[in-house]
Amino acid sequence: MTDLRDLIGDDVDPEELERLQRVHMLLEQAGPPPSLSAGLAPPSAPGGDVIRFPRRYRPLAAVAAVAAAAVLFTVGYLVGDSGPSTEFTVAMSGSGGASGSLEIYAKDHAGNWPMRLHVDGLAEGRYALWLTRGGRLAEPCGSFAVSSGTANVPLNAPYKLRSFDGWVVVPSGSRQPALTT
C-alpha cells in the first residue's frame, strides 16, 4: 500500500487529506482493472496502422484521392503563378515632385506589351499614357484616373516599341506632359 502523502505532498488541508485518503484506500482495494479477453481486444492492423477500405469502397476512395490531388494541383498552380516576367522598367519624372515608373512585361503571342504604371504626386484627374516619336505624342497606351495623387494601373502597348523613343503621361484633353521618360 502506497502512502498518500508521497503522492500529494504535505500542502493539503486536513479535511481534503482525509477525503483523499478514503478514495485512495478504495482504489487500492479495488485493484487494477481486469484484462480484456482476446475477443474484445481491438484488432491490430497488418504492417502497422494501415487503414484498409472494404472492397466496395475502394473505387470511391480512389476517386476521392484523384479529386483531392486535382484540387491541390490547381491551388498550387494559382498560388504559385508569379505573374508575367518583367522585360524592363522605365522611370518617369515631372514638375512639382511628380514621379512614376512603368514596368513593361514580356510581349504576348499577339504582339501586345502588357505593362503596369505607378504614378505619385499628380493632381487628381484623368490622364493618358502615350508613346512618343521625336518628342511628339505618337500612339496611346491607355487612360487612367488619379486619386489622392497616386495611381497603380495596368496598361497595354500593342505596338513595336523600337519604333518609339519614349513615353509621356498627359492630362486628359491636353498635349502638355505631366510626366516624361
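This is a predicted model: local features need pLDDT of at least 70, side-chain atom pairs count only at pLDDT 80 or more; totals for chains, interfaces and linings use all residues.
**Element order.** I read the elements off from the N terminus and got α-α-α-β-β-β-β-β-β-β-β for the protein chain. That makes three helices and eight strands.

**Whole-chain numbers.** I looked up burial next: of the 181 residues, 22% count as buried. The accessible surface comes to about 13000 Å², and carbon and sulfur atoms hold 57% of that. For contacts with a separation of 6 or more, I find that 50% are between residues 24 or more positions apart.

**Strand pairing.** I started with β1 and β2, which pair in the antiparallel sense over seven bridges.

**Core.** Which residues have the most contacts inside the largest nonpolar core? I get Leu117, Leu122, Leu129, Phe144, Trp167 and Val169, in a core of 27 residues. At least two residues of this core come from each of β1 (86-93), β2 (99-105), β3 (113-120), β4 (125-133), β5 (136-146), β6 (150-157) and β7 (166-171).

**Thr132.** Is Thr132 buried or exposed? I have it at a relative accessible area of 6%, so it is buried, the cut-off being under 20%. Thr132 is in strand β4. With neighbours within four places left aside, I list its contacts as Ala138, Phe164, Asp165, Gly166, Trp167 and Val168. Trp167 is also among the core residues I wrote down above.

**Ser148.** I wanted a loop residue too, and Ser148 lies in the loop between β5 and β6. Its relative accessibility is 63%, and it counts as exposed because the cut-off is over 50%. I also took a C-alpha distance from Ser148 to Leu122: 8.3 Å, for residues 26 apart along the chain. Leu122 is another of the core residues on my list.

Methods: Residues are numbered from 1 along each chain as its sequence is written. Side-chain values use heavy atoms; hydrogens and water are left out. A nonpolar core is a set of buried Ala, Val, Leu, Ile, Met, Phe, Trp, Tyr and Cys residues joined through side-chain atoms within 4.5 Å. Buried means under 20% relative accessible area, exposed over 50%, partly exposed in between (1.4 Å probe, protein chains only). Helices (H or I, at least four residues) and strands (E, at least two) are DSSP runs, numbered from the N terminus. Two strands pair if DSSP finds at least two bridges between them. Contact means heavy atoms within 4.5 Å. Accessible areas come from the Shrake-Rupley method with a 1.4 Å probe; for residues, only the protein chains shown count as cover.
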